[in-house]
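Have the sequence and the 3D view ready as you read.

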Amino acid sequence: MVDVVLLPGEYAVCRLAVGSALGPALWGELGDAEVVSVSWAADGVSVICPSPRAPAEVETDWRCLRIVGPLGQAVTGTLAALIGPLTEARVDPVAFSTYDTDHVLVPAVRLGEATAALRRAGHRVLD
């Protein structure tokens with residue numbers, strides 16, 4: 001069983017061109033329940049952040065589930081335990097990790113289906 005907490009508000013997943021500047025709104029002070037992830041690659045910059053901080057237009061609003069942690073680096077299979085039930089329920093997740101824990105984004109319009117699938121799989125979803 002995995003405990004996950006539903007973070008407040010909606011999240012955005014953005015793709016920016018290589019070399020794009022990230023504005024100050026993205027780097028402002030984060031609230032206790034917020035997370036921002038930035039990944040650089042040869043083909044662009046990916047940003048996951050609360051929707052009001054989004055540096056670009058987004059097509060889909062997401063909700064973010066955080067695995068209650070910290071997990072530690074020795075824990076294996078935790079993320080897979082969440083992704084499996086979501087994909088079986090035909091909810092397309094986006095996962096990302098921080099040093100302490102993992103996060104799973106689900107489309108906001110599918111949040112009810114996602115949380116129901118996780119609960120059926122024996123996980124606790126905390127609001």
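## A tucked-away threonine

T101 counts as buried because its relative accessibility is 7%; buried means under 20% relative accessible area, exposed over 50%, and partly exposed in between, using a 1.4 Å probe and protein chains only. This is a predicted model, where local features need pLDDT of at least 70 and side-chain atom pairs count only at pLDDT 80 or more, while totals for chains, interfaces and linings use all residues. Residues are numbered from 1 along each chain as its sequence is written, and side-chain values use heavy atoms, with hydrogens and water left out.

So where does T101 sit? You'll find T101 in the loop between β6 (94–97) and β7 (102–107). Strands here are DSSP runs (E, at least two residues), numbered from the N terminus. The T101 side chain also reaches the backbone oxygen of I67, at 2.6 Å.

## The hairpin

β6 and β7 make a hairpin, with four residues between them. The two strands run antiparallel and are joined by four bridges; strands pair if DSSP finds at least two bridges between them. V94 has L105 as its bridge partner in β7, and S97 stands opposite D102.

## β7 and its other neighbour

β7 also pairs with β5 (residues 62–67), in the antiparallel sense and over five bridges. Here W62 has P107 as its bridge partner.

Is β7 mostly covered or mostly open? It's mostly covered, with six of its six residues buried. D102, V104 and V106 point one way from β7, while H103, L105 and P107 point the other way, and all are buried.

How values were computed
Polar contact = N/O pair within 3.5 Å; in protein donor to acceptor, adjacent residues only side chain to side chain.
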